[in-house]
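Please read it with the coordinates open.

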Amino acid sequence: MFSRSTGVKPERGGAEVAPLPPNRLIFLSELIIITDMDLKQEPVITISDVSFDYRSGDSVSRGVSSVGLTIMRGEFVVLLGRNGSGKSTLAKLLNGFLLPDRGSIEVLGINTADDDKIFELRSKVGMVFQNPDNQMVASIIEDDLAFGPENLGVPADEIRRRVDRALEIVGMTEYALRTPNKLSGGQKQRVAIAAVLAMEPEILILDESTAMLDPKGRGEVLETIRRLNREEGITVILITHYMDETTEADRIVVMDDGRILQMGVPHQIFSDRALIERAGLELPVATKAAHLLREKGLKIPAVLTDEELAEAVCRLS
Ligand SMILES: Nc1ncnc2c1ncn2[C@@H]1O[C@H](COP(=O)(O)OP(=O)(O)OP(=O)(O)O)[C@@H](O)[C@H]1O
Ligand SMILES: [Mg+2]
């Protein structure tokens with residue numbers, strides 16, 4: 001599933017060799033090795049100087065303005081920014097829900113303004129939103145997952161394979177024949193992700209998909225997303241207001257007033273106090289705790305996660 005041309009699952013930072021039939025001479029050129037670096041050198045999204053305004057009657061409100069951004073295959077990108085900064089608008093522009101007023105967006109070689117390719121585009125760019133209840137269409141979970149591929153005209157035996165695989169990936173196999181309304185919030189959101197996965201997308205966009213969940217549900221969903229990115233090589237764009245969900249991102253893009261204010265790796269972003277303040281962001285809890293400890297005179301380095309903080313504290317004694 002989620003097959004790329006080689007069918008090899010990449011591992012973050014590692015390399016894997018394509019399986020070869022037994023009893024065959026192997027030529028060196030046949031060995032295909034995919035590394036994290038290879039994956040992250042192919043652009044899958046190119047946003048070129050894009051602006052979009054919402055218009056209704058005489059009123060115009062800025063959605064995004066002069067946004068330029070390239071996202072590579074296999075990247076885990078987090079979009080941050082205060083309310084109204086343009087994150088959801090950008091997400092909707094990426095799968096053609098909205099079209100740029102100015103500039104252009106190319107996703108997997110498809111211009112989002114190309115009417116003829118809009119279904120292809122939407123099947124390759126899966127979106128998961130905040131409320132899982134609004135994303136379910138059927139009363140039995142496996143029917144819900146089959147709905148998207150059925151609409152794409154996927155043959156029945158292939159749908160069966162995709163549904164089983166998607167449920168397995170999100171850890172919900174045993175719930176296949178149950179009804180979604182008895183599930184917890186985290187389980188529902190995992191089913192919503194599975195429904196998107198059954199379309200075999202290459203890019204997954206999650207717009208505050210953990211916002212309505214309790215900490216356990218958030219943890220489950222986030223772990224699922226990370227696994228999809230690491231093990232299936234799916235490019236992930238995650239929009240969130242929870243800073244603790246951003247610490248493992250390859251890149252954070254900070255938006256403000258419809259524009260990109262800054263981008264960089266999490267350590268870069270969260271060590272820039274002026275940026276954090278200007279963009280109205282919080283710091284991850286561990287980063288904040290480390291600041292407080294430093295103010296008390298302890299020699300604690302900049303950290304992002306609870307684990308890093310615990311290690312830094314242990315090294316003090
Ligand atoms: N349907 C709409 N009609 C008019 N203006 C809109 C609409 N949707 C968004 N906007 C405006 O576009 C701007 C960007 O909004 P957007 O929803 O993209 O921000 P956001 O970063 O996703 O915010 P939040 O964190 O609250 O979800 C805001 O000024 C918002 O008021
Ligand atoms: Mg939003």
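1. The model is predicted, and local features are taken up here where pLDDT is at least 70. The chain has 317 residues, of which 39% count as buried. Its secondary structure comes to 11 helices and 12 strands. Of the contacts between residues at least 6 apart in sequence, 62% join residues at least 24 apart.

2. The six-stranded sheet. An open sheet of 6 strands has the order β8-β9-β10-β5-β11-β12, with mixed pairing. The edge positions belong to β8 (125–128) and β12 (259–264); each has a single partner strand, so one side of each lacks a neighbour in the sheet. On average, neighbouring strands here are turned by 20° against each other, direction ignored.

3. Parallel pairs in that sheet. β8 and β9 run parallel and are joined by 4 bridges; within this pair, M127 stands opposite I205 of β9. On to the next strand, β9 pairs with β10 (residues 235–239), again in the parallel sense, over 5 bridges. The bridge partner of L206 in β10 is L238.

4. Burial of β9. How many of the 5 residues of β9 are buried? The number is 4, so β9 is largely enclosed by the rest of the structure. The cut-off behind this is 20 or more other C-beta atoms within 10 Å of the residue's own.

5. The antiparallel end of the sheet. Strand β11 (residues 251–256) pairs with β12 in the antiparallel sense, over 5 bridges. In this pair V254 has Q262 of β12 as its bridge partner.

6. The four-stranded sheet. A second open sheet holds 4 strands in the order β4-β3-β6-β7, and its pairing is antiparallel. Its edges are β4 and β7, each with a single partner strand, so one side of each has no neighbour in the sheet. Strand β3 (residues 43–56) is joined to β6 (residues 102–107) by 5 bridges, the two running antiparallel. I105 of β6 is the bridge partner of I47.

7. β6 and β7 (residues 110–111) pair in the antiparallel sense over 2 bridges. E106 stands opposite N111 of β7, and V107 stands opposite I110 of β7. The hairpin has 2 residues between its strands, and L108 takes a positive phi near 50° there.

8. Most residues other than glycine have a negative phi. Two exceptions deserve a look in the model. L108, in the loop between β6 and β7, has a positive phi of about 50° although it is not a glycine. E200, in the loop between α6 and β9 (203–207), has a phi near 55°, also positive in a residue other than glycine.

9. Surroundings of these two residues. Is E200 buried or exposed? With 22 C-beta neighbours inside 10 Å, E200 counts as buried. L108 has 18 other C-beta atoms within 10 Å and is partly exposed. The two residues fall in separate classes because a residue needs 20 or more such neighbours to count as buried.

10. The α4–α6 pair. Two packed helices are described by the angle between their axes and the distance between the axes. For α4 (residues 141–151) and α6 (residues 185–197), the axes come within 7 Å and cross at roughly 35°. The crossing is right-handed. On the α4 side the contact is made by I141, D144, L145 and G148, and on the α6 side by V191, A194 and A195. By class, the contact has 5 nonpolar, 1 polar and 1 charged residues.

11. The ligand shell. Which residues surround ligand 1? They are Y54, S61, G63, G81, N83, G84, S85, G86, K87, S88 and T89. Two elements give two or more residues to this shell, β4 (59–72) and α2 (87–94). The most is given by α2, with 3 residues. By class, the shell divides into 1 nonpolar, 9 polar and 1 charged.

12. Points to check against the display.

Definitions and conventions: Residues numbered from 1 in each chain as written. Chains lettered and ligands numbered in written order. Predicted model: local features only at pLDDT ≥ 70, side-chain atom pairs only at ≥ 80, totals over all residues. Near = placed C-beta within 6 Å. Nonpolar A, V, L, I, M, F, W, Y, C, P; charged D, E, K, R; others polar. Axes fitted to C-alpha atoms, helices over the stretch in contact; angles between N-to-C directions. Left-handed = near helix turned anticlockwise from the far one by under 90°. Contact = placed C-beta atoms within 7 Å. Pairing = 2+ DSSP bridges. Buried ≥ 20, exposed ≤ 12 C-beta atoms within 10 Å, placed from the backbone.
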